[in-house]
Amino acid sequence: MTLQGRIVRCISCDGFGWFDDDFSGDAEDCDWCAGAGYVYRDEADRDRAIPPSDYAAVADELERLEEERLRELGYQGGAKRPWRQAIRKGTRLGRNPYGDN
Ligand SMILES: [Zn+2]
């Protein structure tokens, strides 16, 4: 179902999608995956950031991978609300139905 090969967890940020900058205190998007936390891996094992235009098409797969990752981390709750995820912006799931952010 993926457009550009399989989707794997970003090896740079380990699926987080960002880094805390200890110096400035800011969080910065991961360069490797452009903040998605996941990348396409092609048959030659080359990783490539998932372009934002593909996010809607791969949203279900990302959701599944993210649930898997959170379980590995021992997270017991539900998945992060889709409208709190930058990757969902502009998609149907990216709209907060409760309007409370
Ligand atoms: Zn990354």
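Me: What is the mean pLDDT of the protein chain?

Reply: pLDDT is the predictor's confidence in each residue, from 0 to 100. Where pLDDT is low, the predicted coordinates should not be read in detail. In this protein chain the mean is 85, and 91% of the residues reach 70 or more. Among the elements, β4 has the highest mean pLDDT (96) and β2 the lowest (85).

Me: How many helices and strands are there, and in which pattern along the sequence?

Reply: Helices (H or I, at least four residues) and strands (E, at least two) are DSSP runs, numbered from the N terminus. The protein chain has one helix and five strands, and the pattern along the sequence reads β-β-β-β-β-α.

Me: Which strands form the sheet, and in what order?

Reply: The general idea is that strands of a sheet pair through backbone hydrogen bonds, either parallel or antiparallel. Two strands count as paired if DSSP finds at least two bridges between them. Here three strands make an open sheet in the order β1-β4-β5, with antiparallel pairing. Because β1 and β5 stand at the edges with a single partner strand each, one side of each has no neighbour in the sheet. From one strand to the next, the twist averages 45°.

Me: How many bridges join β4 to β1 and to β5?

Reply: Four bridges join β1 (residues 6–9) to β4, and I7 stands opposite Y40 in β4. Three bridges join β4 to β5 (residues 47–49), where R41 has D47 as its bridge partner in β5.

Me: What lies between β4 and β5?

Reply: The two strands form a hairpin with five residues between them. D45 sits in that loop and has a positive phi of about 65°, although D45 is not a glycine.

Me: Is D45 buried or exposed?

Reply: The rule counts C-beta atoms, placed from the backbone: a residue is buried if 20 or more others lie within 10 Å of its own, exposed if 12 or fewer, and partly exposed in between. D45 is exposed because it has 8 other C-beta atoms within 10 Å.

Me: Which residues have the most contacts inside the largest nonpolar core?

Reply: In soluble globular proteins, nonpolar side chains tend to be buried together. A nonpolar core is a set of buried Ala, Val, Leu, Ile, Met, Phe, Trp, Tyr and Cys residues joined through C-beta atoms within 7 Å. The largest one here has 14 residues, and C10, C33, Y38, V39 and I50 have the most contacts inside it. The elements giving two or more residues to this core are β4 (38–41) and α1 (55–72).

Me: What is Y38 in contact with?

Reply: Two residues are in contact if their C-beta atoms, placed from the backbone, lie within 7 Å. Leaving aside neighbours within four places in sequence, the partners of Y38 include I7, C10, C33, I50, L62 and L65.

Me: Where does α1 lie?

Reply: α1 lies across β1 and β4, running at about 30° to β1; axes are lines fitted to C-alpha atoms, for helices over the stretch in contact, and angles run from 0 to 180 degrees between N-to-C directions. D60 belongs to α1, and D60 is exposed because it has 11 other C-beta atoms within 10 Å.

Me: What share of the protein chain is buried?

Reply: Buried residues make up 20% of the 101 residues. Among contacts between residues at least 6 apart in sequence, 41% join residues at least 24 apart. The C-alpha atoms fill a box of roughly 45 × 35 × 25 Å, taken along the principal axes.

Note on methods. Residues are numbered from 1 along each chain as its sequence is written. This is a predicted model: local features need pLDDT of at least 70, side-chain atom pairs count only at pLDDT 80 or more; totals for chains, interfaces and linings use all residues.
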